[in-house]
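Please keep the sequence and the model in view while reading.

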Amino acid sequence: MQPTEAPPAGPAIASEVEQTVQPQQCIRQGCTNMAIVNSDWEDEYCSSECVVTHCRDVFGHWVQGNSTPQQTISTVK
Ligand SMILES: [Zn+2]
């Protein structure tokens with residue numbers, strides 16, 4: 001009686017499991033740091049400072065775009 005030996009798993013299997021999510025770069029403009037994993041920031045920023053700055057940036061642009069009355073309601077023919 002000899003113990004049943006499990007077939008040796010190929011080395012390729014182990015390396016494929018190794019693939020993890022690649023850290024992406026902080027999405028704040030001008031920031032070159034890598035984003036860190038944080039559930040509050042959706043892993044898009046490197047620090048809370050960038051979260052605030054980026055949000056302010058986006059909001060600033062949004063306000064700017066909205067405050068400029070570029071709408072021409074009646075088109076001149
Ligand atoms: Zn950053």
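The structure shown is a predicted model. In it, Q29 has 10 other C-beta atoms within 10 Å, so Q29 is exposed. Q29 belongs to the loop that runs between α1 (11-17) and α2. Along the chain, Q29 and T53 are 24 residues apart, and their C-alpha atoms are separated by 9.0 Å.

The chain has two helices and zero strands. Helix α2 covers residues 48-67. Some values for this helix are listed below.

| Property of α2 | Value |
|---|---|
| Length | 20 residues |
| Span, first C-alpha to last | 28 Å |
| Expected span at 1.5 Å a residue | 28 Å |

The span of α2 is thus close to the expected one. How many of the 20 residues of α2 are buried? The number is one, so α2 lies largely in the open.

For the chain of 77 residues, buried residues make up 8%. The largest nonpolar core has five residues: C26, A35, Y45, C46 and C50. In soluble globular proteins, nonpolar side chains tend to be buried together.

Finally, contacts can be sorted by separation. Of those in the chain with a separation of 6 or more, 15% come from residues 24 or more positions apart.

Terms used: Residues are numbered from 1 along each chain as its sequence is written. This is a predicted model: local features need pLDDT of at least 70, side-chain atom pairs count only at pLDDT 80 or more; totals for chains, interfaces and linings use all residues. A nonpolar core is a set of buried Ala, Val, Leu, Ile, Met, Phe, Trp, Tyr and Cys residues joined through C-beta atoms within 7 Å. A residue is buried if 20 or more other C-beta atoms lie within 10 Å of its own, exposed if 12 or fewer, and partly exposed in between; C-beta atoms are placed from the backbone. Helices (H or I, at least four residues) and strands (E, at least two) are DSSP runs, numbered from the N terminus. Two residues are in contact if their C-beta atoms, placed from the backbone, lie within 7 Å. The expected span of a helix is 1.5 Å times one less than its number of residues.
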